[in-house]
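The sequence and structure come before the details.

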Amino acid sequence: MSTPHNEAKLGDFAKSVLMPGDPKRAEYIAHNFLTDAKLVNNVRGIQGYTGIYNGKPISVMASGMGIPSMGIYSKELFTDYGVEQIIRIGSAGAIQESVDVLDLVIAMTACTNSNYYKSFGIDNVTLAPSCDFDLLEKAVKLAKEAKYKYHVGTLYSSDVFYDESNTAGKLKKMNVLAVEMETIALYLNAARYGKKALSICTI
């Protein structure tokens, strides 16, 4: 069994998947943090690996850049490969002055300028999907224990990288923490298919 975007077979992915944007990050994580890592997908260079971490099977696969790409890969992992939870581990740009380079931003929710939510047949409500609370709670606990500087709140998932509209400046007034390009699709797909998701971004 495969999809147009994924050559893996059912059972090749673990129930938990880490998703950086960059395929090279997925490769790095697999080779440096997992044991017995096996390449299970390389369609279009979107590398996906499954291995063992602390005695448990874990997968890591790139999402590519942007809401459409994350939308495709997370949807197929949830619906075609039996994945139960996806944790995005990506990068973001700070909007708030209190958020510094190398800080972590753990997203409770995401706002967007995308129409991705309309693909679910909803056109009269602006959805604000949230992360899974259990994953959020665990991530905050681990960040505290590791003494990382972290922030919990809202991410802005933008469809546009070179944005001349000053949207980020306006969202600063609404205490949106940072901008990136994938979280909204992940959270909407998790909500739609009854799965768990969390986005942890490094500035």
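The sulfur of Cys131 lies 12 Å from the closest cysteine sulfur, in Cys201, which is too far for a bond. The model is predicted: local features need pLDDT of at least 70 and side-chain atom pairs count only at pLDDT 80 or more, while totals for chains, interfaces and linings use all residues. Residues are numbered from 1 along each chain as its sequence is written, and side-chain values use heavy atoms, leaving out hydrogens and water.

**Cysteines**
- The count is 0 disulfides, a disulfide being a pair of cysteine sulfur atoms within 2.5 Å.
- Cys131 is buried at 11% relative accessibility (buried means under 20% relative accessible area, exposed over 50%, partly exposed in between; 1.4 Å probe, protein chains only).
- For Cys111, the closest cysteine sulfur is also in Cys201, 13 Å away and too far for a bond.
- Cys111 is partly exposed, with a relative accessible area of 24%.

**Helix α1**
- Pro23, Ala26, Ile29 and Ala30 are buried in helix α1, residues 23–33 (helices are DSSP runs of H or I, at least four residues, and strands are runs of E, at least two, numbered from the N terminus).
- These residues sit on the same side of α1, because they cover an arc of only 125 degrees around the axis, taken from the directions from the helix axis to the C-beta atoms.
- Lys24, Tyr28 and His31 are exposed on the other side of α1.
- Cover for the buried residues of α1 includes β2 (35–41), β3 (48–53), β4 (56–61) and β5 (85–91).

**Ser69**
- Ser69 belongs to helix α2, residues 67–80, and is buried with a relative accessible area of 16%.
- Leaving aside residues up to four places away in sequence, Ser69 touches Ser63 and Gly64 (contact means heavy atoms within 4.5 Å).
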